[in-house]
Amino acid sequence: MQALERLLAWGGARRDITFLAVSGAALLASILGFQPFPFDIAWVAIVLCGVPILLEAFVGLVTAFDIKADVLVSIALVASVVIGETFAAGEVAFIMQLGGLLEELTVARARAGIEKLVRLTPRTARVLAGAEERVVPAEQVRVGDLLRVLPGETVPVDGVIRSGQTSINQAVMTGESLPVDRGPGDEVSSGTVNQFGVFEMEATRVGEDSSIQRMIRLVQSADAGKAKIVGLADRWATWIVVTALTAAALTWLVTDQVIRAVTILVVFCPCALVLATPTAIMAAIGNATHHGFLVREGDALERLAGVRRVAFDKTGTLTYGAPQVVAVRSCLPELGEEALYACAAGAELRSEHPLGKAVVQGFQERGGRPPEPLEFRMLPGRGVAAQLPAGRVLAGNLALLEEQGVALPQTLPEAAQAHLERGCTLIYLALDGRFAGFLALADTLRESAAQTITGLEQAGVEPVLLTGDHENAARQIAGRLGIGRVYAGCLPQDKLAWIDESQAQGQPVCMVGDGVNDAPALKRAQVGIAMGGVGSDIAVEAADIALVNDDIKELPHLFWLARRMMSTIRCNLTFSMALNFLAILLAITGLLGPVVGALVHNAGSVLVIVNSALLLRWKKRA
């Protein structure tokens, strides 16, 4: 049995194309009466295209008692050969294989661009053994190995930092463009990039367990086979096989014409019915991939077609990691806010950190020219230190100031709290050992956010803001985007409760989020969409669809695509069933013979595949 399965798998598309080319030539020669052999040359098509169908049907029946289209096709082939309709048998086999090849090419094209959306797996790692450092292939790293990662290198495996301070760019794993500070005891993920400091780490998850490999498996899981409607078509195929055999037997008994019975078997093959759904789903998945979506479940688009509300988390979805300075607070009487801003811009002038760059850019946009630092030092995980004409400046987090012995004013927590509550990030500054003040930076609204909300409303979907942020921040964002329904201060259980209530009211919900706290809601919603394609590991595992490039402007297209896909499936099913029953009536009355019946029936299968393939490049016109 294993030998048969290997034979079936041999060659793939190349084998099919070769067999089809030879079989097509043989059938053409048979039509023209060219017979170089003592037997009908149509036998070439029967052997090359029909035998794989017979083997597949046999393997399915013996190993899993799986009765599907190939069983009825096999019966039709054998019956046609028995009654001497060799050309009809070859034609059925040829067109069936042609339809199968078109489906395979449709699926292959649908998935061709998916792997391009994922960063390549790190190839090498620096393994430490005592004082010795060896560069080895990343797949040879074992749990417990001690590794060294230099600035600019990709983290090869998941692990925990044992020594060193750094900033990690986690965009590939979280979609967040701002690097995060990491030090001893902090976890790092494979595929992320070390931006500034050198650090040593202990490997904790390697090989197939690493984050980047789990992401690749996520890509590979984009398979239409799990769609519920595909299972329904398969069940119909089983009943159609039984019905076809019964109808053929009754026709033979009543009319005493075996050729009519064979024609019924030929035209009754549920090929178009079985192909109707998976080809549409895979073509729609391919379309979604082209627009930056990874569809994990085939039935996700089916479910999305029925969604009437979209709940957004705020941070990381409607906003993105491009901070801007929104407030400057000086705590030294002799140092005005503009002068403090200039000190901060001068200290950050040589910094590669996005927060530092945002400070410099903001100061320059106001027409300022940052002072050139006389000395500059990057302090990974803390901030920067610089010598400016105005004095020695420290810019970074509170840990930096505390380590440098800078006394913090008692009023600082109260002054900073208002900005922290709005979700701002603070850069604290010290001048010549004295606390000087802070800059507040806030994440910016995505440029496409307003367009996305408008597009969703035009698609008949109600946008909802479901966030853990404070009421004021949530209302401010919602007001700018025109979102009328806002729920702020939500804990994970609050999001679950709202989704349950909405869906109980007959309003299916699509949840869009990116964090671990969104995972329960992503799982509970009718459809979950994770930002960044990888968000957090837990969020992605809970989601049905991943938005790889974080560009939410394509969300309206995804909703229109899901509905178009369902329309295509319904059209395919209706057409295939109508064609089958019409052909059966003509076969029973004797108006349709095996050869023409095979041509009509299999042409229907090809038309279904072509109709589904149109989804690959479909886009709703404005």
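Reply: Start with the network. Salt bridges link Arg126, Glu133, Arg148, Glu153 and Glu200. Keep in mind that the model is predicted.

One contact in this region can be given in detail. Arg126 and Glu153 meet through their side chains in a salt bridge, at 2.7 Å from N to O. Arg126 belongs to strand E1 (residues 124–129), while Glu153 lies in the loop between E3 and strand E4 (158–163), so the pair ties together parts that are 27 residues apart in sequence. How covered are the two partners? Arg126 is partly exposed, with a relative accessible area of 22%. Glu153 is partly exposed too, at 23%. Buried would require a value under 20%.

Now the sheet itself. Six strands form an open sheet, and their order is E2-E1-E3-E9-E4-E7. The pairing is antiparallel. Strand E2 (132–137) and strand E7 (187–188) are the edges, each pairing on one side only. Further in, strand E3 (residues 146–149) and strand E9 (residues 199–205) run antiparallel and are joined by four bridges. Within this pairing, Val149 stands opposite Phe199 of E9.

Asp158 pairs with Arg205, and their closest N and O atoms are 3.0 Å apart. Asp158 is in strand E4 and Arg205 in strand E9, so the contact ties together parts that are 47 residues apart in sequence. Buried or exposed, where does Asp158 fall? Asp158 counts as buried, at 2% relative accessibility. Arg205 counts as partly exposed, at 34%.

That is the part you asked about. Next, the wider chain. The count of salt bridges comes to 17. One of them joins the side chains of Glu372 and Arg350, at 2.3 Å from N to O. This pair links distant parts of the chain, 22 residues apart. Glu372 sits in the loop between helix H14 (354–365) and strand E13 (375–379). Arg350 sits in the loop between helix H13 (337–347) and H14. Glu372 is partly exposed, with a relative accessible area of 47%. Arg350 counts as partly exposed as well, at 41%.

Charges also meet rings. Trp560 has Arg563 over its ring, with the charged end 5.5 Å from the ring centre. Lys620 also lies over the face of Trp560, at 4.2 Å from the ring centre.

Then the ring pairs. The structure holds four aromatic pairs. One of them is Tyr487 with Trp498, a tilted pair at 5.6 Å centre to centre, with 50° between the planes. The angle counts as tilted because stacked planes are under 30 degrees apart and edge-to-face planes over 60. Tyr487 lies in strand E19 (residues 485–487) and Trp498 in helix H19 (residues 492–504), so this pair ties together parts that are 11 residues apart in sequence. Tyr487 is partly exposed, with a relative accessible area of 27%. Trp498 is buried, at 8%. Elsewhere, Tyr428, Phe435 and Phe438 are linked by ring pairs into a cluster.

What about cysteines? A search of the whole structure finds zero disulfides. Cys490 counts as buried, at 11% relative accessibility. Cys571 is partly exposed, with a relative accessible area of 44%.

Last, the annotated segments. An unreviewed UniProt entry places the feature "transmembrane region" at residues 17–34, 41–65, 236–255, 261–286, 573–592 and 598–616. Two of these spans can be described from the model. Residues 17–34 are 83% helix and 0% strand, with end C-alpha atoms 23 Å apart. Residues 573–592 are 80% helix and 0% strand, with end C-alpha atoms 22 Å apart.

Helix H9 (residues 258–267) is mostly covered, with eight of its 10 residues buried. The buried residues are Arg260, Ala261, Val262, Thr263, Ile264, Leu265, Val266 and Val267.

Key. Residues are numbered from 1 along each chain as its sequence is written. This is a predicted model: local features need pLDDT of at least 70, side-chain atom pairs count only at pLDDT 80 or more; totals for chains, interfaces and linings use all residues. Side-chain values use heavy atoms; hydrogens and water are left out. Buried means under 20% relative accessible area, exposed over 50%, partly exposed in between (1.4 Å probe, protein chains only). Helices (H or I, at least four residues) and strands (E, at least two) are DSSP runs, numbered from the N terminus. Two strands pair if DSSP finds at least two bridges between them. Rings of Phe, Tyr and Trp (its six-membered ring) pair if their centres lie within 6.5 Å; planes under 30 degrees apart count as stacked, over 60 as edge-to-face and the rest as tilted. A charge sits over a ring if NZ of Lys or CZ of Arg is within 6 Å of the ring centre and within 35 degrees of the ring normal. UniProt positions are given in the numbering used here, feature names are shortened, and annotations may be inferred rather than shown by experiment. A disulfide is a pair of cysteine sulfur atoms within 2.5 Å. A salt bridge is a side-chain nitrogen of Lys or Arg within 4 Å of a carboxyl oxygen of Asp or Glu.
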